[in-house]
Amino acid sequence: MSWTRGLPSALAACVLLLVAAAGCGTRETHGKRGTGVPSPVGKILDGTDEGGRHYRELDKKQAPEVGTVVTPDAAGGWDVRLEVHRFRFSPAGTAAQALAGRGLAYLFVDGRLVTRLRAPAYHLPAGLVPQGTHHITARLYADDGTVWAVHGKPVESTADVTASGAETTTPTAPAPAAVTSTAAVGDTVAR
C-alpha cells in the first residue's frame, strides 16, 4: 500500500524535472549574445565585426541609416553629430534584446573604438585626432550587441577629417545630400 502513496509524489517530481530541463539552454549558448532563441528582428549572420559581434541582417527598407557630420570646434577638438533615420538611441540600462530601430552607436577613429553613444552628439578631444587625415566612423548596434546590417555589411558611416594642427581646419565636405542618401550600409561619407 505504501507504493501507491509514493507514486503521485514520484510522478510530480518527474514532471518538475522535465519542465525545469526544458526551460534551460545548453551550456554552449548560455550567457552568450547572439545565440540561443532566434530574435524576431532580422536574421543573425555568421559575419562579425572586429570585436566578434554578429551582424543582424535587415531588409534595406527596414534598416536604420546613419550619417556622420564632423566639424572642428573653437577649443581644438571635433564635434561629431550623427544623423539617424529609422533609429532611436536607447537609454542606459535598456534590456539586452534587439528591437527594430533601437540601440546605440559605436564611434571609431581610424578603426579604434573611442566610445559607445546613446545620443547623437559627441565631442572628440583634439588628442584623439592628431595632425593628419583620419577616418571617423559611426556604426549602429542593437541593444543585444549585434551589428545592424544590410546585404552583409554593417550600417555605418565614415567621415574623413584632416587635422593640420590649426584649430580652424575644416573637414573635407561633399554635397550635403550625400549624408542621408549613401550612409546606410558601409558607404563612406565625408562631411
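Visitor: What lies over the face of Y106, and at what distance from the ring centre?
Guide: That is R116, at 4.8 Å from the centre of the Y106 ring. This is a predicted model, and the distance is computed from its coordinates.

Visitor: Is Y106 itself buried or exposed?
Guide: Y106 is buried, because its relative accessible area is 7% and the cut-off for buried is under 20%.

Visitor: How many aromatic pairs does a search of the whole structure find?
Guide: The search finds three. Among them is the pair of Y106 and F108, which is tilted, with 6.5 Å centre to centre and 40° between the planes.

Visitor: And F108, buried or exposed?
Guide: F108 has a relative accessible area of 8%, so this residue is buried.

Visitor: Why is the pair of Y106 and Y141 called stacked?
Guide: The ring centres of Y106 and Y141 are 3.7 Å apart and the planes meet at 20°. Planes under 30 degrees apart count as stacked, so the label applies to this pair.

Visitor: Which strands do those two sit in?
Guide: Y106 lies in β6 and Y141 in β9, which covers residues 132–141. The pair therefore ties together parts that are 35 residues apart in sequence. Both Y106 and Y141 are buried.

Visitor: Which residues do the ring pairs link into a cluster?
Guide: The cluster consists of Y106, F108 and Y141.

Visitor: Changing topic. Where is G101 found?
Guide: G101 is in the loop between β5 (88–89) and β6 (102–109).

Visitor: Buried or exposed, for G101?
Guide: Buried, because the relative accessibility of G101 is 11%.

Visitor: What does G101 touch, leaving out residues up to four places away in sequence?
Guide: G101 touches R86, F87, R88 and W148.

Visitor: How far apart are G101 and V84 in space?
Guide: The distance is 9.9 Å, C-alpha to C-alpha, and the two are 17 residues apart in sequence.

Visitor: Now confidence. What pLDDT does the chain average?
Guide: The average is 78, and 66% of the residues score at least 70.

Conventions
Residues numbered from 1 in each chain as written. Predicted model: local features only at pLDDT ≥ 70, side-chain atom pairs only at ≥ 80, totals over all residues. Heavy atoms only, no water. Helix = DSSP H or I, 4+ residues; strand = E, 2+ residues; numbered from the N terminus. Buried < 20%, exposed > 50% of the residue type's maximum accessible area, 1.4 Å probe, protein only. Contact = heavy atoms within 4.5 Å. Phe/Tyr/Trp six-rings, centres within 6.5 Å; stacked < 30°, edge-to-face > 60°. Lys NZ or Arg CZ within 6 Å of the ring centre and 35° of its normal. pLDDT = per-residue confidence, 0-100.
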